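Welcome! Take a moment to look it over, then read on.

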Amino acid sequence: MTIRLFDTAAREVRDFTPITPGEVGIYLCGATVQAPPHVGHLRPVIAFDVLRRWLTRRGLKVTLIRNVTDIDDKVLAKSAAAGREWWAHAALYERVFTEAYDALGVIPPTYEPRATGSVPEMVGIMDRLVEKGHAYSTGAGNVWFDVRSWPAYGELTRQKVDDLSPEEGAEVVAGSAAEAKKNPHDFALWKAPKPGEPESASWDTPYGRGRPGWHLECSAMARRYLGETFDIHGGGLDLRFPHHENEQAQSRAAGYGFAQRWMHVAWVTQSGVKMSKSLGNGLLVSELLSQAPAPVVRYALAAVQYRSMLEWSPDTLDEARTTWERLSGFVTRASERVGDVPAEEIAKAEVPEAFAVAMDDDLNVPQALAVVHEHLRAGNSALASGTDAAVRDELVTLRAMLDVLGLDPADPQWATSTDDRYATALDGLVAAELKARAEARAAKDWATSDAIRDRLAAAGIEVQDSADGARWTLS
């Protein structure tokens with residue numbers, strides 16, 4: 001079967017054929033580490049984590065680069081407000097982002113370069129652009145990309161420079177630097193230091209001392225780690241213009257093939273409005289993780305197809321929690337019945353054809369989850385009928401599919417690390433109650449049996465009767 005993925009530039013779903021057979025190079029725009037991550041930051045990362053897992057399951061070797069923007073206007077402003085050195089501020093929030101990625105089961109990228117580590121590569125690209133007539137210096141550390149020098153500018157988002165308003169996508173620059181620009185939409189490749197900025201936040205170049213422009217950072221890191229031409233470039237939908245448009249223009253104007261396919265992840269919205277810190281409606285990941293276990297948060301972010309807006313509501317986590325408990329509950333009961341399945345077997349297990357068809361169709365996770373639930377029902381039926389061979393088959397199949405989504409309940413990633421003395425004590429007390437209830441049922445003392453069940457229910461404990469005896473879960 002052929003993997004088909006939507007290409008933002010072509011505006012259609014197209015067959016995906018890697019440049020190098022058997023290998024895939026992906027560049028994902030990472031975080032600007034100025035503040036803690038919110039839910040909008042995590043959705044693209046989780047979507048590309050699912051893509052990576054699926055490509056790997058399909059037998060491809062994936063190299064995924066996710067950069068860290070550790071120097072820009074916002075980092076400098078926020079660090080100054082916090083009274084920290086800019087590099088210390090960036091390092092602090094880089095760790096916070098990493099902790100969030102780890103908590104939600106995101107596989108670490110192959111490489112995670114910082115922008116400040118690729119300054120020589122940025123200077124090299126600027127040299128090429130100036131030599132080819134696509135960039136110009138206005139002195140004192142300012143270098144600009146000349147958008148009118150590149151006829152293909154706007155091809156990613158299908159816009160023309162003449163159709164853009166003076167403000168649309170234009171970089172805000174004050175004073176003499178703005179007056180020196182040839183065109184309002186010319187964007188900065190290199191930026192002279194502003195008054196009051198720390199000396200350590202700038203580098204010497206042939207064009208003067210300064211710091212990199214945001215767009216140039218990603219072009220330099222993508223080329224350094226993936227080569228002049230690579231398979232997929234992606235990020236959030238809001239990055240299409242001007243960031244990705246500018247990246248593509250400067251890279252191709254420099255003579256590089258750059259990304260052969262663009263993939264963009266839709267926003268997380270609330271009442272139809274994009275969630276973001278600037279709008280004051282961004283949910284911090286730390287807040288979400290205080291409201292629900294990490295796999296529940298991941299399920300909520302992964303369950304909607306990546307190109308569809310994810311409307312966040314007060315019920316989002318509750319619905320995800322209910323589904324997760326059904327999935328993890330089956331895996332627990334099935335594993336108790338037939339034993340644990342080695343992770344190596346899960347990694348090599350074939351997924352159902354219907355699941356594969358859904359994932360090959362531009363990562364249609366909702367359709368793939370429909371297949372997951374079909375097998376969940378079959379697994380529960382096998383448990384009820386006592387057919388151990390069928391139970392194991394469904395356990396392996398279900399876990400293999402969930403592994404693709406990063407949601408295998410038996411993965412050590414999702415093991416709890418709480419003090420088990422409380423769990424042991426609770427288990428002992430509930431076991432005693434269930435024993436008394438079983439004795440009452442055997443004696444046909446239904447009143448006592450019902451009273452015990454009601455008492456447990458009032459304490460938040462749900463009792464489930466089966467052929468193998470009573471089980472309990474927290475309701």
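In this predicted model, helix H1 (residues 39–57) packs with helix H14 (residues 388–404) at an angle of about 125 degrees. Their axes are 8 Å apart.

**Where H1 meets H14**

- On the H1 side, the contact is made by Val50, Arg53, Trp54 and Arg57.
- H14 brings Ala400, Asp403 and Val404 to the contact.

- You can find Asp231 in strand E9, which covers residues 229–236.
- Is Asp231 buried or exposed? Asp231 counts as buried because its relative accessibility is 6%, and the limit for buried is under 20%.
- Setting aside neighbours within four places in sequence, Asp231 is in contact with Phe16, Thr17, Pro18, Ile19, Glu23, Val24, Gly25, Gln260 and Arg261.
- One of these partners, Ile19, has its backbone nitrogen 2.8 Å from a polar atom of the Asp231 side chain.
- For a sense of distance, Asp186 is 45 residues from Asp231 along the chain, and the C-alpha atoms of the two are separated by 27 Å.

**Two cysteines without a bond**

- How many disulfides does the structure hold? The count is zero.
- Cys29 is in no disulfide, and the nearest cysteine sulfur to its own belongs to Cys218, 3.9 Å away.
- Cys29 counts as buried, at 10% relative accessibility.
- Cys218 counts as buried too, with a relative accessibility of 1%.

**Ser251 in helix H7**

- Helix H7 runs over residues 240–253, and Ser251 has its place there.
- With a relative accessibility of 2%, Ser251 counts as buried.
- Which residues does Ser251 touch, not counting those up to four places away in sequence? They are Ser219, Tyr256 and Phe258.

Methods: Residues are numbered from 1 along each chain as its sequence is written. This is a predicted model: local features need pLDDT of at least 70, side-chain atom pairs count only at pLDDT 80 or more; totals for chains, interfaces and linings use all residues. Side-chain values use heavy atoms; hydrogens and water are left out. Axes are lines fitted to C-alpha atoms, for helices over the stretch in contact, and angles run from 0 to 180 degrees between N-to-C directions. Helices (H or I, at least four residues) and strands (E, at least two) are DSSP runs, numbered from the N terminus. Contact means heavy atoms within 4.5 Å. Buried means under 20% relative accessible area, exposed over 50%, partly exposed in between (1.4 Å probe, protein chains only). A polar contact is a pair of N or O atoms within 3.5 Å; within protein, one must be able to donate a hydrogen and the other to accept it, and residues adjacent in sequence count only if both atoms are side-chain atoms. A disulfide is a pair of cysteine sulfur atoms within 2.5 Å.
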